[in-house]
Amino acid sequence: MKNFLQKIKFDQWKAWIYLLPAVVLLLIFTVWPIFNTLRMAFWNGYGLFKELGGELTFEFGIKNFKWVVGYGGFITCLKNTMLLTVLTVPISTILALVIAVCLNAIKPFQRFLQTIFFLPYVTNSIAIGMVFEAMFNIVGFGTTMPSYGIINNILGVFGMDPVNWINAGSSYWANIAVLTVYIVWNALPFKILILLGGLQSVNKQYYDAAKIDSTPRLRVFTKITVPLLSPMIAYVVITGFIGGFKEYSSIVGIFGDDMQAVGGESLNTMVGYIYKQLGANHEGDASAAALILFAIIFVVTMINMYVSKKKTHY
Amino acid sequence: MADKLMSTMHEKDMQKVTAMQKVTKILVQFLLYAFLIVMALIIVFPFYWMIISSLKNTAEYRLPVPTLFPQEIMWGNYLEAFTAANLGKLFMNTVYVGIVSTILSLVVTVLSAFAFARLEFKGKNALFAALLATMMIPGELFTITNYVTVTKFGWLDSYTVLIVPFLVSVFYIYLLRQNFLQIPNELYLAAKVDGTTDLKYLWKVMIPLSLPNLISITILKMMGAWNSYVWPRLVTSTDDYRLITNGLRDAFTDMSGQANIPVQMAAVTVVSIPLFLVFIFLRKYIMKGVSRSGIKG
Amino acid sequence: MKIVLQNLTKVFPSRNKKSNEEVVAVSDLTFTIPDGKLVGLLGPSGCGKSTTLYMISGLQKPTGGQIFFGEDDVTSLSPENRGVGLVFQNYALYPHMTVKQNILFPLQNLKGADKLDKNTMLERALEAARLVQIDNLMDRKPSELSGGQQQRVAIARALVKMPRVLLLDEPLSNLDARLRLQTREEIRRIQRETGITTIFVTHDQEEAMSISDVIVVMKLGVVQQIGKPQTVYDNPVNLFVAKFLGTPPVNVFKANVKGGKLYINGEAVLDVPGVADRDVFAAIRPEGFIPDENGAMTCELSSIEVMGRDVSIVSKNEAMLTPTIRSIVDADYKVSATAQNVKFNLKPHKVFIFDSQTEERIYFGDQTAPETGI
């Protein structure tokens, strides 16, 4: 009996040895930050005090939140983030769905095309952002005739006048359009992968049954494919929203760290705002903004899950 | 009820329907391929543009009507990119950080996943649930405090600061634990009866059986190091420790006025090619890992 | 509408890319299914019966041969244009639709002369639901139904557009024994009521025998025999058909013919005039034995199972090729359970003799040789 108890004790002890590295690292870099972020966010003027080297007196309050929401340019960032999310999630989801359905309907070259469509996933978003910048960029104002960039040239073939997409003096909506194209391009591979995987796991008999019943193609798509795929669609929409609210590096890729092409921070996103505050040693404000971001993501995810639960009940 | 039977077709209709059927089938296939090929071209165009732009000279690049293939191939752009962005050093930094953090991360992940999957201890389920809960919190929330912490530790500008803070991924532990759980417990008990130690069992049975997942984790972790931008930018300030993505953006945004875009594209190509190579050879593992994780890098 | 299959052949390319071996699923199938009949395609798994069904539906294209619906050659017609109803083995009910939506679905696709207005559709759906007695489940989802109920919904969905042909793929295989009996009677009833030419596939001979007007016995892609169930049972053309039909199964013996007499285990058990001397297989139906103290055939008694009306005598014999000899006799015959041996006389029309090489029937007694086609 004594032996047995010793054995149990030893097992307990052993498990914690295995877990030790993970637990120590998680305590320092995950658990502590959760508490500390709360502490900093509700500690009025946290960053400022530290910067001045003054004695820290704890004053609990929501001053940081007030400052972030009131004066910090945060609302602009929030608006940009929302706009990009609302634009890119539906566009990329629908496009990915159509591509996945088409891919699923062909036989020769299916694997090859599938690989091509996955390519944007294995890229560095800063690096390819720079490529998009180059494609939309207008170069050579100084020379006899400006080069409007490849995109403007391609659009010219279809009779469109050149647009100042991202250069100095470009409009907000032109910038947003470029960002939307890039983010959608970047978001497609993951969505196609998930949706195609879903399509391939749908029982083929449903399609056979539909064929026997002479169902037109479009009706098969809307009445059978989409409903059967709805759990996957819900999944890519939810992850799409979460990713959309955390958008940052694609903007840095095209416009640079300081969003210099358009000046100021009129294109910044919420994550960008957090880093900006952090860079300026305003940890309190950064924490407050991060908590707001978390709250928004949490609420949006809950809404998404609620809606998808109502729509995907089978 | 027999009077309502579906109408039958006549000989003539039938020939028409058969012909129509063939035409529709061909037309649909044609449209499918046409759509997919156009979309595929749009997808690959940026890569194409990246490569051909990297081989043009500045004058050709600035032609009002861009050429679709360089008239004169400028390999020199690549040499210039390496010196301008200090790519060589940054490349080595990234490889070093990637390899070390992957190895350490695998060790930590395997040990914890084993503890959660096979060992019994008090509070196991509560601890695991708490870990899963942290997955919901956006990473930016951790970054703020971690920045403060590593500053206090005096880790700024070091390899340590790039490797240690994000070594543990709850998601990888979760993924591997699920994999370990699928391995029948009888194997473990049999090994215990034979007097095999836990570590030996882990090494001889569990790891070989979950190799595909470990490979997926390795690739995703390496890609993460290769693509990380925000954290290294925050905690490093010299080229001794910066990673490749930082050098990329910063080296060329410093230039004022008309940037030398072909050289810039050469640098971008250099950064992108290792990723493509990894993708071509390990596509299966990447796609499997990604479809499970839903995270980038 | 009658269905004619002419030299129908289906060859699947080999799954293994390296070898060029092809799999012949159905080989040179020719037969006619009369209008308004219930036909059972019967055979062990891998005999090509499902492939045949799917070729009739259009979901699989034949490699060779033709299919006629009535006078029309439908071989190259896609399933959309064939106007058939198909009940899948796993039912394939759309999981996200209610029973009503599932049944309405085929009606909403009808075009041209068959197009219906909304009220007629609802009426027809309800009528089909009533026919299979699920009209009280219309708002349920398939996941909320039992296997038998799902089966009925699947039949209603296939029937509702009043197809010219109704096809059922192993319709009873997912049901438990009691439901099976009940459902097969219903399939029979529904087929009678609608008069739709119906073909169903099964590996269960009892199921096929009990409800079909005509059965088609297949083996390895080749039709063995076609006919009314009783005819095929009474008059099998080869050893395979004899063995495949009947429960308990037929008893098979190694035997030989010498001087117009059939010898089993060295005993002359039956006169077979006109058959040349040779080695044969003799198959005796369980009901073909008459216990008789002076009987011609001697077997070693193993056990006696009393089943009320009948008695099942289990015995052994050196020449038997089945694990035991099972004979079913009227309970009036008294056989001592303690006896060592039991002796039988045989009913000539329950004994079938097959060539030991080809396994084809070689002696028909007073029966005429059965036709293989109809």
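Axes are taken here as lines fitted to C-alpha atoms, for helices over the stretch in contact, and angles run from 0 to 180 degrees between N-to-C directions. Helices (H or I, at least four residues) and strands (E, at least two) are DSSP runs, numbered from the N terminus. The structure is a predicted model, in which local features need pLDDT of at least 70 and side-chain atom pairs count only at pLDDT 80 or more, whereas totals for chains, interfaces and linings use all residues. Residues are numbered from 1 along each chain as its sequence is written, and chains are lettered from A and ligands numbered from 1 in the order in which they are written.

In chain A, the axes of helix α4 (residues 74–105) and helix α12 (residues 270–279) come within 8 Å and cross at roughly 150°. With angles under 35 degrees counted as roughly parallel, over 145 as roughly antiparallel, 65 to 115 as roughly perpendicular and the rest as oblique, α4(A) and α12(A) are therefore roughly antiparallel to each other. Residues are in contact if their C-beta atoms, placed from the backbone, lie within 7 Å; on this criterion, F74(A), C77(A), L78(A) and T81(A) of α4(A) meet M270(A), G272(A) and Y273(A) of α12(A). Ala, Val, Leu, Ile, Met, Phe, Trp, Tyr, Cys and Pro count as nonpolar, Asp, Glu, Lys and Arg as charged, and the others, Gly among them, as polar, and the contact of α4(A) with α12(A) has 5 nonpolar, 2 polar and no charged residues.

The interface of chain B with chain A places 67 residues of chain B in contact with 73 residues of chain A. On the side of chain B, the elements that give two or more residues are α1 (11–54), α4 (87–118), α6 (139–153), α11 (211–227), α13 (244–253) and α14 (261–293), and α14(B) gives the most, with 14 residues. By class, this side of chain B has 47 nonpolar, 14 polar and 6 charged residues.

Within chain B, the domain assignment, with bounds from an automatic or database source, gives domain 1 (2–54) and domain 2 (84–293). The centres of these two domains of chain B, taken over C-alpha atoms, are separated by 43 Å, and their contact takes 4 residues from domain 1 and 7 residues from domain 2.

Chain C contains 8 helices and 21 strands, and its C-alpha atoms fill a box of roughly 75 × 50 × 45 Å along the principal axes. Among contacts in chain C between residues at least 6 apart in sequence, 66% join residues at least 24 apart.

Terms used: Two residues are in contact if their C-beta atoms, placed from the backbone, lie within 7 Å.
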